[in-house]
Amino acid sequence: METIISKSQVARAVYTAIPKLACDLPADIKAGLIAALEREDNPRGRAVLEQLVENARIAHEDHVPICQDTGTVWVSLEVGSGVLVPADVFADVDDAVARAYNEARLRKSVVHDAILDRVNSGDNTPAFCDIHPVDKLGVARLHVMLKGGGSDNASRVAMLVPGAGMQGIVDELVRCVCEKGANACPPLVVGVGIGSTFDKVAGLAKRALMRPVDEPAADPRVRAVEEELLEAVNATGVGPGGLGGRTTALAVRVATAPCHIAALPLAINMGCSAMRRMTIPLAGYAEGHRAIEGDAR
Amino acid sequence: MNAIDSGAIRLALPLERAALAGLHAGDTCLLTGPLYTLRDAGHVRLMTELEAADGTLPYGLDGQAIFYAGPTPSAAGRPFGAVGPTTASRMDFAAPTLHRAGVVATVGKGRRNPEVRAACIETGSVYFVACGGAAAYLAKCVASSETVAYGDLGTEALRRIEVVDFPVFVGIDVRGNDVYDLI
């Protein structure tokens, strides 16, 4: 039997996810901050981590936003083979976003147009939506992320040359962290896309952020790349808040893809210490299912 | 309560330049008194008004401190559910002019450019760094808020807020030392 994903199903999932994401720090991030605090010996780094851990507690208990930047809403519908999706599947998402942002008293951070009309849209719409096919039979799930502006601004795409290799990737990431990391509210979660094309590589980096920081990559080669990049990022000493310390990033999450013989596309999508994202199973996944397992391409 | 409170320097707002002169990059401070929230779109308007007024600061901003922030609406019985610093470098285009016009301090996150550093030295002003992402925590330090101007900008309006023991680090001191250079 064919599975059909309805627009009301998607809108309902988005509406439910938004206030929870805004006010409840995901468990993997909270645990990561606590672990970082336990090993931090820089006094400013410690002070930042103490504030962030206490902040998460206050937000949860008082039902207030973790961060004043309650973000733009990113919605990615991941569908497997045999799942039918109507072309207007996101038609009700903006209504869900507007209701959720008003009811939960979240900040409205979207302007109508980046250059032609910088007037606030007043309800945090539109959401930024995409559909992502995967090679799995009968499954569908929805990724929802509230993405802050400061961390997105600290992100970049670099079209490296193949000869730059792994060292080129390490160097570009370290440069990005040293130049912009403090603006992105560390400890960071860094999404790294490597491969595909100019337009796709940023999507790889963003989807890579969906995998929890306590869930290693399924592919041991990807795991090794993530470990090398995390070590390099933390060796910068940028630290919590950019004010110095051991933990500049809780994790680096990598997704790789094929690419042109001339290319080594690299995208770095900075995630802040309030990495607010959630994956909601819609079809074919058991309850309690978590997130991407190395199939982010 | 935590490490930032122990040994922190208590400072009353509006800040006296004499008090600022004794601060060093990296010092932890607790601010009490009025702050003015303003960010991107509000700075564009303020700069236009400043130019039209031949460099005289409007809205009583002379001698005051600007907090680069766009809060969420009121919640949990507080003026804001969450309020925290935004990236200060986006306001670097305006900060030197505002310091010369009489703004004595700014509060934000991240590095500033050399022109802002030079303006801090020249005018005896200070850039404070607050903890980005600790906005529910910082909202508990806000006692009141009133919109002063630019209400149509929503979260980007100019607001006068009263803070109590608001935790910050000295980011750039009056000698131009930068906390981000200490790491």
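Tutor: Welcome! In this predicted model, a search over all chains of the whole structure finds 30 salt bridges.

Student: What makes Arg46(A) and Glu50(A) a salt bridge?

Tutor: Their closest N and O atoms are 3.8 Å apart. The cut-off is within 4 Å, so the pair counts as a salt bridge. Both residues lie in helix α3 of chain A, four residues apart, about one turn of the helix.

Student: Why is Glu50(A) called buried?

Tutor: Its relative accessibility is 17%, and buried means under 20%, so Glu50(A) counts as buried.

Student: And is Arg46(A) buried, partly exposed or exposed, and why?

Tutor: Arg46(A) has 29% relative accessibility. That value falls between the 20% and 50% cut-offs, so Arg46(A) is partly exposed.

Student: How do you know that Asp178(B) pairs with Arg117(B)?

Tutor: Try the cut-off again: the closest N and O atoms are 3.5 Å apart, and the limit is 4 Å, so this is a salt bridge. Asp178(B) lies in the segment after β7 and Arg117(B) in helix α4 of chain B, so the pair ties together parts that are 61 residues apart in sequence.

Student: Which other salt bridge does Arg117(B) form?

Tutor: Arg117(B) also forms one with Asp181(B), with the closest N and O atoms 3.2 Å apart.

Student: Why is Asp178(B) called buried while Asp181(B) is called partly exposed?

Tutor: Asp178(B) has 5% relative accessibility, which is under 20%, so it counts as buried. Asp181(B) has 42%, which lies between 20% and 50%, so Asp181(B) is partly exposed.

Technical notes:
Residues are numbered from 1 along each chain as its sequence is written. Chains are lettered from A and ligands numbered from 1 in the order in which they are written. This is a predicted model: local features need pLDDT of at least 70, side-chain atom pairs count only at pLDDT 80 or more; totals for chains, interfaces and linings use all residues. Side-chain values use heavy atoms; hydrogens and water are left out. A salt bridge is a side-chain nitrogen of Lys or Arg within 4 Å of a carboxyl oxygen of Asp or Glu. Helices (H or I, at least four residues) and strands (E, at least two) are DSSP runs, numbered from the N terminus. Buried means under 20% relative accessible area, exposed over 50%, partly exposed in between (1.4 Å probe, protein chains only).
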